[in-house]
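Subject: Structure for your review

Dear colleague,

My findings follow it, arranged by topic.

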Amino acid sequence: MGAELKRNLMSEWWRSMVHTREDIVGIDASIIMHPRVWKASGHLANFSDPLVDCKVCGERFRADKAPRAEPGADTIITLADRPRAEAAQEKIDKQLLGPSGDTRMRRDGKTLTGAKVGTQGYVCPNCGSPFLSDERQFNLMFRTSLGPVDPVGDMVGVVRKAIAEGADEATIRLRVEESLAESSVYLRPETAQAMFVNFLNVQQSTGLKVPFGIAQMGKSFRNEVKVEKFIFRSVEFEQMEMEYFVPPGRGPEYLEYWKNERMNWWQSLGIKAENLRLRPHGSDELAFYSDGCFDIEYKFPWGWDELEGIASRTDYDLGQHSRESGKKLNYFDQEATDPATGKQGWHYVPHVIEPAAGATRGLLAVLCDAYAEEPADAEGKGARTVLRLHPRLAPVKAAILPLVKKDGMPELAREIVAQFLDAGVNARYDEQHAIGKRYARHDEIGTPYALTVDTQTLADKTVTLRQRDDRSQVRIPISTAVEVVLAALREA
Ligand code: ATP
């Protein structure tokens, strides 16, 4: 069921991004790309630097770039707003300073005082906190080696030689890294970079004119420090990302456009408006190259959390790949006037708007949103658990149910199933238990329509069509059943 639901969600994304638009095309690039792609994107730069996590604001930063502070000195912790400062105060008092029960941090608005710099001699560059993890060689990307030769064998030789020469630990590490570098490749931590390196390929082969987009969905891998909240954060997950290339100066306008498009898309799949919000990134959160970023957040059972990011990334990505590869990633607009020269014909590096959504995380949001426990009526009947999935997302679209297992009803029901499957609609035959139990079972997995074959069917070739959401029932001819369900799916 989960596999079907995820496929349906991803197909809906592809349909809205690629199949129903003329300005976006899809690609399917490899998971292992050339390591220089990750050098250009900046993912490799942090690869072997000692990184530290701030236990208060969650910032991960390079220890050597952190603001220095005298061990034992007082430090002020500043959070983005008052609610975050309150949450941080509670966390520091209860978890980080140990459970004495006292309030040891003092809060004034969004700042906290009462903490002292530790022996590490630096504080978090984001919030100023001295509550930090140990320094670690973080490795966000999964590294593996290309080629059949086992790199461990080479490594042993390198280490032996370095020890024999009396090399210190840092030198040994450096030499091991150098020996590994030749064969090291990485599993992609995001799908986005493939769209940048394929920008020219796609533009020239399709003849698309800016503004246009390239979309991709598929597996990404991150060596997350903490996997959490079921499938909310995992090391292997699926993304649905699109890079929309626009002329310089028009980023803000298209950021606005994509913010609306993406919010509308989640709602078009039945996610309740009150459970979605757009959160602008504060200037302290924005990447240095970005001139605007919003998170679409969903109200998960534990609170608001990111579902999708929509970022205006300026010309940073194409610029980086152009510098690293030595290949110009420009676009030539014959009809536009070059603002620098005032002449017709403008060569420029397109700017990028990126809506980047998590498919696995989206699946979790869809499940949370659709789950409902409905109480019994005044007569104590009708209590049920129902998954109010959007019909196009539902794993099974139609349950085909013979009222009883005799009188030719099973055979007729199987014929109806075959008609649905022929039309590409996922229908399921179910004859186990009483009809009420079967309706309940399909309500629980979100099947939007149930067709029941009963005694009347044998006489007049009609079936009852039951709707999951209001449990209403109508009789329709078998001959129209597939078309009725298809029309309902289209219009849902
Ligand atoms: P977070 O802040 O939650 O770590 P992020 O800002 O690093 O996410 P992006 O790099 O913007 O995430 O990736 C785009 C989307 O991919 C996210 O909005 C999220 O839905 C999804 N995503 C990112 N990391 C994970 C993960 N480890 N597990 C599941 N989904 C993820």
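Please note that this is a predicted model. I begin with a pair of helices. Helix 1 (residues 2–19) packs with helix 10 (residues 359–370) at an angle of about 110 degrees, and their axes are 10 Å apart. Angles of 65 to 115 degrees count as roughly perpendicular, and helix 1 and helix 10 are therefore roughly perpendicular to each other. On the side of helix 1, the residues that meet helix 10 are Gly2, Leu5, Lys6, Leu9 and Met10. Their counterparts in helix 10 are Ala359, Gly362, Leu363, Val366 and Leu367. By class, the residues of this contact comprise 7 nonpolar, 2 polar and 1 charged.

The second topic is the ligand. There are 15 residues around the ligand, and those that come nearest are Arg222, Glu224, Arg233, Ser234 and Glu306. In the case of arginine 222, an N or O atom of the side chain is 2.9 Å from an oxygen atom of the ligand. The side chain of arginine 361 likewise has an N or O atom 3.0 Å from a ligand oxygen atom. For glutamine 239, a polar side-chain atom lies 3.1 Å from an oxygen atom of the ligand. On its own the ligand has 590 Å² of accessible area, of which the protein covers 79%.

Which elements give two or more residues to the shell around the ligand? They are strand 12 (236–246), strand 15 (303–312) and strand 18 (351–358). Strand 15 provides the largest share, with 4 residues. Sorted by class, the shell around the ligand holds 6 charged, 5 nonpolar and 4 polar residues.

The peptide bond that joins valine 210 and proline 211 is cis, with omega about 5 degrees. Proline 211 is placed in the loop between helix 7 (199–206) and strand 11 (212–221). The other point concerns phenylalanine 230, a residue other than glycine whose phi is positive, near 60 degrees. Phenylalanine 230 is found in the loop between strand 11 and strand 12.

With kind regards

Methods. Residues are numbered from 1 along each chain as its sequence is written. This is a predicted model: local features need pLDDT of at least 70, side-chain atom pairs count only at pLDDT 80 or more; totals for chains, interfaces and linings use all residues. Side-chain values use heavy atoms; hydrogens and water are left out. Axes are lines fitted to C-alpha atoms, for helices over the stretch in contact, and angles run from 0 to 180 degrees between N-to-C directions. Angles under 35 degrees count as roughly parallel, over 145 as roughly antiparallel, 65 to 115 as roughly perpendicular and the rest as oblique. Contact means heavy atoms within 4.5 Å. Ala, Val, Leu, Ile, Met, Phe, Trp, Tyr, Cys and Pro count as nonpolar, Asp, Glu, Lys and Arg as charged, and the others, Gly among them, as polar. A residue is near a molecule or strand if one of its heavy atoms lies within 4 Å of it. A polar contact is a pair of N or O atoms within 3.5 Å; within protein, one must be able to donate a hydrogen and the other to accept it, and residues adjacent in sequence count only if both atoms are side-chain atoms. Accessible areas come from the Shrake-Rupley method with a 1.4 Å probe; for residues, only the protein chains shown count as cover.
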